[in-house]
Amino acid sequence: MTIRLNKYIAESGLCSRRNAEKYILEGRVTINNKTITDLSHKINEGDDEVFVDGEKIKPKKHIYILLNKPKAVITSTKDERNRKTVIDIIKTNEKIFPVGRLDYNTTGVLLLTNDGDFSNFLTHPKHKIRKIYAVTLNRPLTKEDEIKLLKGVYINNRKGKFVKINFPDIKKKTVVEVSAVEGRNHFVKDMFSTLGYNVVELDRKYFGQFTADVPLGKYRVISKEEIKSVYKNYN
Ligand code: URA
């Protein structure tokens with residue numbers, strides 16, 4: 001992956017992006033033994049060797065985690081009420097944060113990373129990343145309301161809709177699978193509550209291409225190839 005030179009230097013922890021630009025303009029930065037003074041220069045992470053004042057820059061190690069979030073865990077880096085957070089589950093010294101959020105009692109796929117660009121990419125509305133949820137309702141979903149949810153209903157004066165609704169068991173209309181591209185907090189619960197339903201159970205089955213392929217409460221590292229394919233699929 002390519003990255004702007006000033007960003008690469010700043011991410012190493014050496015200095016701010018602005019100071020990195022200053023060093024570049026002052027001719028203090030070399031790439032593969034060549035001095036670079038072009039601020040728009042991009043480097044190939046993993047291939048290029050960057051030096052500032054003769055010191056080799058160590059790239060920041062990005063880490064990507066897929067967690068199958070259990071109930072009774074808060075999607076936050078810390079909690080003022082001392083509840084367990086998703087960060088408490090993951091053993092790493094890196095400063096990771098969750099990509100978006102799941103409610104306290106929602107289970108399922110949650111990604112965590114220390115790569116702000118990746119997080120922004122996944123949560124940017126223009127990429128319309130699809131999330132699929134298994135929802136248990138307090139009463140059967142009527143055909144009329146199913147149509148309304150697909151056409152769009154208003155939540156806090158803004159229209160929201162599901163892009164798809166399935167019934168895994170056609171005889172059991174309290175269990176619904178919905179697909180959404182929206183990222184608003186509490187989106188699924190709010191969609192149903194506008195029509196007078198309560199969400200009793202909520203499980204995120206998919207976040208884009210990622211599914212809960214580890215047991216509840218467990219996590220795994222996402223590979224570089226998987227990350228590359230995210231950028232390829234949505235760009
Ligand atoms: N929508 C919700 O209402 N809650 C979640 O946790 C995720 C999506």
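This is a predicted model: local features need pLDDT of at least 70, side-chain atom pairs count only at pLDDT 80 or more; totals for chains, interfaces and linings use all residues.
A residue counts as near a molecule if one of its heavy atoms lies within 4 Å of it. The ligand is surrounded by L102, D103, T106, Y133, H186, F187, V188, K189 and L202. By class, five of these shell residues are nonpolar, two are polar and two are charged.

Where does the ligand lie? Domain 2 (67-123 + 213-222) and domain 3 (126-207) both contribute residues to its shell, so the ligand lies between them. Among the elements, helix α6 (residues 187-193) gives the most to this shell, with three residues.

A backbone N or O atom of H186 sits 3.2 Å from an oxygen atom of the ligand. F187 has a polar backbone atom 3.4 Å from a nitrogen atom of the ligand. For V188, a backbone N or O atom lies 3.1 Å from a ligand nitrogen atom. On its own, the ligand has 240 Å² of accessible area, and the protein covers 97% of this.

Turn next to the sheet. Strands of a sheet pair through backbone hydrogen bonds, either parallel or antiparallel. Here the pairing is antiparallel, in an open sheet of four strands with the order β3-β2-β5-β6. Which strands form the edges? They are β3 (34-35) and β6 (55-56), and each pairs on one side only.

Follow one of these pairings. Strand β2 (residues 29-31) runs antiparallel to β3, and two bridges join them. T30 has T35 in β3 as its bridge partner.

Conventions
Residues are numbered from 1 along each chain as its sequence is written. Side-chain values use heavy atoms; hydrogens and water are left out. A polar contact is a pair of N or O atoms within 3.5 Å; within protein, one must be able to donate a hydrogen and the other to accept it, and residues adjacent in sequence count only if both atoms are side-chain atoms. Accessible areas come from the Shrake-Rupley method with a 1.4 Å probe; for residues, only the protein chains shown count as cover. Ala, Val, Leu, Ile, Met, Phe, Trp, Tyr, Cys and Pro count as nonpolar, Asp, Glu, Lys and Arg as charged, and the others, Gly among them, as polar. Domain bounds come from an automatic or database domain assignment. Two strands pair if DSSP finds at least two bridges between them.
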